[in-house]
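Please go through the structure below alongside the text that follows.

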Amino acid sequence: MSYTPPIIGSRGLILPTYADIVNDLQGQFLATFGSASYLGFDSADQQDLAIRALQAYNANLGMQGIYFSFNPLTSIGVGLDLIGQLIGVARRAASFSSVSMTLTGTAGTIILNGILRDVNSQLWLLPA
């Protein structure tokens, strides 16, 4: 996919990927300084472009967090509390749950910080 600026359309918020941003910056650099410019991973210019792309991508992720905070289905934390106040509901306190699951694989394998997904796409954190 080629770079497109962040937009809110009929499918919601559309953001460019990090790779799209890097490729766009590289294209602009080469158009400005010539196609003979060296942009290998070990070049200072490429490192600068990568840093700038990461900054833009992180700003986009912040924008995505703000966008999601306006919907009670996607909001988290304080944003969820605030939108709950707007629609007249209070968030319940967090509680612990448990589930019985059957794991398959090689017997004796140690699973550290595992996460399981059930049939309803609910994530379950395994005990350390």
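L123 is located in strand β4, which covers residues 123–125; strands (E, at least two residues) and helices (H or I, at least four) are DSSP runs, numbered from the N terminus. The model is predicted, so local features need pLDDT of at least 70 and side-chain atom pairs count only at pLDDT 80 or more, while totals for chains, interfaces and linings use all residues. Residues are numbered from 1 along each chain as its sequence is written, and side-chain values use heavy atoms, with hydrogens and water left out.

With a relative accessible area of 45%, L123 is partly exposed; buried means under 20%, exposed over 50% and partly exposed in between, with a 1.4 Å probe and protein chains only. Neighbours within four places in sequence aside, L123 is in contact with I115, L116 and R117, where contact means heavy atoms within 4.5 Å. From L123 to G84 the separation is 39 residues in sequence and 23 Å in space, C-alpha to C-alpha.

Two loop residues other than glycine have a positive phi. S121 sits in the loop between β3 and β4, has phi near 65° and is partly exposed at 47% relative accessibility. N113 belongs to the loop between α3 (77–87) and β3 (115–117). Phi of N113 is near 55°, and N113 is exposed, at 63% relative accessible area.

Next come the helices α1 and α2. The axes of α1 (residues 18–33) and α2 (residues 44–68) come within 9 Å and cross at roughly 135°. That makes α1 oblique to α2. Axes are lines fitted to C-alpha atoms, for helices over the stretch in contact, with angles from 0 to 180 degrees between N-to-C directions; under 35 degrees counts as roughly parallel, over 145 as roughly antiparallel, 65 to 115 as roughly perpendicular and the rest as oblique. Residues of α1 that meet α2 include Y18, L25 and F29, and their partners in α2 include L49, Y57 and N60.

Over the whole protein chain there are 3 helices and 4 strands, in the order β-β-α-α-α-β-β from the N terminus. The radius of gyration is 22 Å, well over the 14 Å that the globule rule gives for 128 residues, so the chain is more spread out than a compact globule. That radius is taken over C-alpha atoms, and the rule is 2.2 Å times the number of residues to the power 0.38. The C-alpha trace spans about 60 × 50 × 25 Å along its principal axes. Of the 128 residues, 18% count as buried.
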